[in-house]
Amino acid sequence: MNPLRPSDNFPSVLMKFSVSPWTIALTGMVSLAVAMGIGRFAFTPLLPMMLNDGVIGLSAASWLATANYVGYLVGALLCMFQPWLWARFPRLPSLAFTQLVRGGLLATALLTLAMAWTDMPAWPLLRFLAGVTSGVVFVFTSGWCLSQLARLGFPGMGGVIYMGPGAGIVLSGLFARGMLAWEWAAATGWLIFGLLAFMLTALVWRKLKVSDERLLPLSSRLQNDANLTSAAARIGHGPVEMALLTMAYGIAGFGYIITATFLPVIARAALPSSPWLDLFWPLFGVGVMTGAWLSTRIRPGGDLRWLLLCGYLIQAFAIGISLWSPSLLGFAIGSLFLGLPFTAISFFAMQEVRRLRPDTAASFMGLLTATYGVGQILGPPLVAVLMHSARSPGETFTLSLQIAAASLLLGAAIFGWMARVYPVKRPSLKADL
């Protein structure tokens with residue numbers, strides 16, 4: 001069955017749903033392009049410009065990146081504990097998922113603009129807040145879009161959503177290359193990216209229609225759960241399986257982050273005179289988009305943990321090829337293959353959450369995103385610490401990337417073990433409906 005066609009498991013009445021699945025998927029894609037491609041990753045192509053302007057050093061840049069990743073973790077935790085928050089503060093309004101996405105996109109644009117108009121002491125706070133909004137938008141965009149597509153019978157189209165970060169990375173990377181060629185200041189780059197975020201937000205604003213899916217107080221959720229038998233318990237998924245998935249997904253956050261944060265700097269140190277230096281980051285974005293699109297072509301029904309295993313191995317290979325051959329070809333292949341499974345891993349992992357915890361998917365998506373955030377937080381400080389003991393930046397990056405590649409191999413091994421010990425068990429069609 002073509003994963004882009006309606007699933008036979010859904011009643012035909014749902015096919016008359018008033019919103020097009022392509023509208024949902026493309027809206028999610030643009031939202032993640034703003035929140036992730038700009039809100040989080042615009043820093044990477046602008047970092048060489050900031051270093052060239054002398055406004056920041058490499059060690060300080062590591063901690064600035066960490067501030068963003070800590071914010072991403074906090075945003076994910078807010079999503080995870082939102083039932084508790086609504087129970088603790090009952091006067092909070094009942095917000096729709098799409099209302100939070102709208103607010104997060106506006107905040108991302110404003111915080112990006114503010115990087116152009118503020119001094120360095122304010123940058124950690126701005127990058128922290130941008131991370132918070134990224135985490136919130138990622139979790140609620142993923143939850144809302146995947147849920148809507150599943151209702152329509154197009155679950156395979158969820159991969160289109162995760163093309164968004166890649167599109168944002170390509171745009172930011174190409175813009176940054178032009179600005180470097182014209183010798184513009186980094187502040188101009190932040191200004192342009194902020195305006196771009198506003199334009200993309202305006203493009204999807206009306207498409208993010210207020211949804212019936214709202215953040216419920218804990219008491220309401222407990223009452224709803226009391227009326228249902230947990231689907232997870234019904235098909236035998238225990239806490240160990242969920243814990244292993246969470247741990248392995250967190251490893252992915254650590255495994256890719258050093259390369260994704262410092263790729264332009266690493267390439268510039270290895271190939272200082274190459275005219276192609278600034279194309280490695282957009283090439284990473286092309287890989288992200290390609291991998292996300294390929295994930296939509298996979299027939300539903302298989303064990304996604306084998307696909308996750310392959311994704312980890314591909315990223316470990318990408319890091320390895322960059323270490324083995326720090327050349328134009330090596331960095332090009334490494335950039336492309338590092339991006340190829342980047343958001344596909346998120347897509348498959350979020351689908352696994354929906355399989356293991358169908359009744360509480362949003363909260364557990366927040367848990368996985370938070371763990372991923374922890375992994376990301378550990379990467380840049382590792383570079384900063386090694387910077388003090390290594391003899392050169394090149395030696396620092398080599399050791400850091402070796403550790404990252406080894407961690408990805410560990411994550412792949414966890415998924416392989418899970419697939420053998422916990423074979424896929426799916427509820428019956430009747431139970432699903």
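Which residues in α12 meet which residues in α16?

**View 1. Contacts between helices α12 and α16 in a predicted model.** On the α12 side, Glu-241, Met-242, Leu-245, Tyr-249, Ala-252 and Tyr-256 meet Phe-342, Ile-345, Ser-346, Ala-349, Met-350, Glu-352, Val-353, Arg-355 and Leu-356 of α16, where contact means heavy atoms within 4.5 Å. Helices are DSSP runs (H or I, at least four residues), numbered from the N terminus. The model is predicted, and local features need pLDDT of at least 70, side-chain atom pairs count only at pLDDT 80 or more, and totals for chains, interfaces and linings use all residues. Residues are numbered from 1 along each chain as its sequence is written, and side-chain values use heavy atoms, with hydrogens and water left out.

**View 2. The axes of α12 and α16.** The axes, which are lines fitted to C-alpha atoms over the stretch in contact, with angles running from 0 to 180 degrees between N-to-C directions, come within 11 Å and cross at roughly 165°. Helix α12 is therefore roughly antiparallel to α16, a term for angles over 145 degrees.

**View 3. Tyr-162 in the largest nonpolar core.** This core, a set of buried Ala, Val, Leu, Ile, Met, Phe, Trp, Tyr and Cys residues joined through side-chain atoms within 4.5 Å, has 121 residues, and Phe-138 and Tyr-162 have the most contacts inside it. Its largest share, 16 residues, comes from α12 (residues 239–270). Leaving aside neighbours within four places in sequence, the contacts of Tyr-162 include Phe-138, Ser-346 and Met-350.

Methods:
Buried means under 20% relative accessible area, exposed over 50%, partly exposed in between (1.4 Å probe, protein chains only). Helices (H or I, at least four residues) and strands (E, at least two) are DSSP runs, numbered from the N terminus. Angles under 35 degrees count as roughly parallel, over 145 as roughly antiparallel, 65 to 115 as roughly perpendicular and the rest as oblique.
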